Amino acid sequence: MNKLQLHGFNNLTKSLSFNIYDICYAPAEQQQAYIEYIDEAYNADKLTQILKDVADIIGAQVLNIARQDYEPQGASVTMLISEGEAPPPPSMNSQSPGPLPETVLAHLDKSHITVHTYPESHPDNGISTFRADIDVSTCGRISPLKALNYLIHSFESDIVTMDYKVRGFTRDISGKKHYIDHKITSIQDYIALDTQESYQMIDVNVYQENIFHTKMMLKETELENYLFEKECDLTDEQKAEIESKLHKEVTEIFYGHNYRQRYEEVKA
């Protein structure tokens, strides 16, 4: 395939936005400890390191970092980045997964990376939900999709919702406008196969508008993985009740609407 020759700079803007949810059961007496744990595990310093790793993955140069821990909980980091000195490899825009946390390499054009966290708890049923909102926006030749694998594995991701959009246009040397500069069928093509096999996944894509949306929900939901205090002395009845609450929380977030009380009665 011949390389597209452009007239000037590649003006396309490629934006990847997604939410990661981590669900946990922490009854009233444990909720404060849970919030403190989350605030420590994903404070501004930790999030800054994650974003620096993303910059390394995509070959970006960090220009500026703004970060803040909030009271009573939560944190935000915004990172301004520029294009690295070396040109991106030909495989950068291929429909294939990016690196995992153990193998950090690749390149990115210029723009920004942001992350905001939102720890919260249900007022009385013991369910706590940690949400991280992440945006990776690039201008030019590189798509931020190669950062997906690393980011999904950097958090305990029970649910992931992702949106990818290519905006604007760029011109070739003949003056023709191009509204996308790489092939894409689905965001799923940029996620490692073993990760895909662990999640139930749904696509909603609008190809003519270069809009791509994917939702992921973890298939395996063993109760032990959702207890804040792992060594809990629970009866079978208590376990069944907690599992019903957790299933309801995960399902509501994944499908984006609340279920009535009857749902709990049916599950019980």
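## Helices, cores and loops in a predicted model

Helix α5 (residues 236-255) has 20 residues, which at 1.5 Å a residue should span 28 Å; the C-alpha atoms at its ends are 28 Å apart, so the two values agree. The model is a predicted one. Residues of α5 that are buried include Ile-242, Leu-246, Val-250 and Phe-254. After α5 comes Gly-256, with a positive phi near 75 degrees.

Overall, the protein has six helices and 10 strands. It consists of 268 residues, of which 47% count as buried. Taking contacts between residues at least 6 apart in sequence, 71% join residues at least 24 apart.

**Helix α1**

Helix α1 (residues 28-41) contains 14 residues, and the distance from its first C-alpha to its last is 20 Å, close to the 20 Å expected at 1.5 Å a residue. Its buried residues are Gln-30, Gln-31, Tyr-34, Ile-35 and Ile-38. These lie on the same side of α1, because the arc they cover around the axis is only 150 degrees. An α-helix has 3.6 residues a turn, so residues three or four places apart point the same way. On the face of α1 turned away from the buried side are the exposed residues Glu-29, Gln-32 and Glu-40.

**Nonpolar cores**

The largest nonpolar core is made of 48 residues, and Phe-18, Leu-148, Leu-151 and Phe-155 have the most contacts inside it. Helix α2 (residues 44-57) gives the most to this core, namely seven residues. A separate core of 13 residues lies apart from it, with Ile-159, Tyr-226, Leu-227 and Val-250 among its members.

Beyond its neighbours within four places in sequence, Leu-151 is in contact with Phe-18, Ile-20, Ile-50, Val-54, Ile-134 and Val-136. Phe-155 sits in the loop between α3 (148-154) and β6 (159-167). With a relative accessibility of 6%, Phe-155 counts as buried, because the cut-off is under 20%. Leaving aside neighbours within four places in sequence, Phe-155 is in contact with Ile-20, Tyr-42, Leu-47, Ile-50, Phe-130, Ala-132 and Ile-134.

The C-alpha separations of two residue pairs are listed below.

| Pair | Separation in sequence | C-alpha to C-alpha distance |
|---|---|---|
| Phe-155 and Asp-22 | 133 residues | 7.9 Å |
| Gln-200 and Glu-220 | 20 residues | 9.8 Å |

Gln-200 is in strand β9. Its relative accessibility is 31%, so Gln-200 counts as partly exposed. Not counting residues up to four places away in sequence, Gln-200 touches Lys-215, Met-216, Met-217, Lys-219, Phe-254 and Tyr-255.

**Second largest pocket**

Rolling a probe the size of a water molecule over the atoms shows where empty space is left. The second largest pocket has a volume of about 270 Å³. It is lined by 16 residues, and the closest to its centre are Asp-22, Ile-23, Glu-156, Asn-225 and Lys-230. Both β1 (13-25) and α1 give two or more residues to the lining of this pocket.

**Backbone exceptions**

Most residues other than glycine have a negative phi, and most peptide bonds are trans. Asn-210 has a positive phi, near 55 degrees, and is not a glycine. This residue is placed in the loop between β9 (199-206) and β10 (211-218). Asn-210 is buried, because its relative accessible area is 12%.

The peptide bond between Glu-71 and Pro-72 is cis, with omega about 5 degrees. Pro-72 is found in the loop between β2 (61-69) and β3 (75-82).

Conventions:
Residues numbered from 1 in each chain as written. Predicted model: local features only at pLDDT ≥ 70, side-chain atom pairs only at ≥ 80, totals over all residues. Heavy atoms only, no water. Core = buried A, V, L, I, M, F, W, Y, C linked by side-chain atoms within 4.5 Å. Buried < 20%, exposed > 50% of the residue type's maximum accessible area, 1.4 Å probe, protein only. Helix = DSSP H or I, 4+ residues; strand = E, 2+ residues; numbered from the N terminus. Contact = heavy atoms within 4.5 Å. Expected span 1.5 Å × (residues − 1). Arc of directions from axis to C-beta. 1 Å grid on protein atoms, 1.4 Å probe; cavity = no way out; pocket = protein on both sides within 12 Å on 5 of 7 lines; lining within 4 Å. Points joined across faces, edges and corners; volume = space filled by probe spheres on them.
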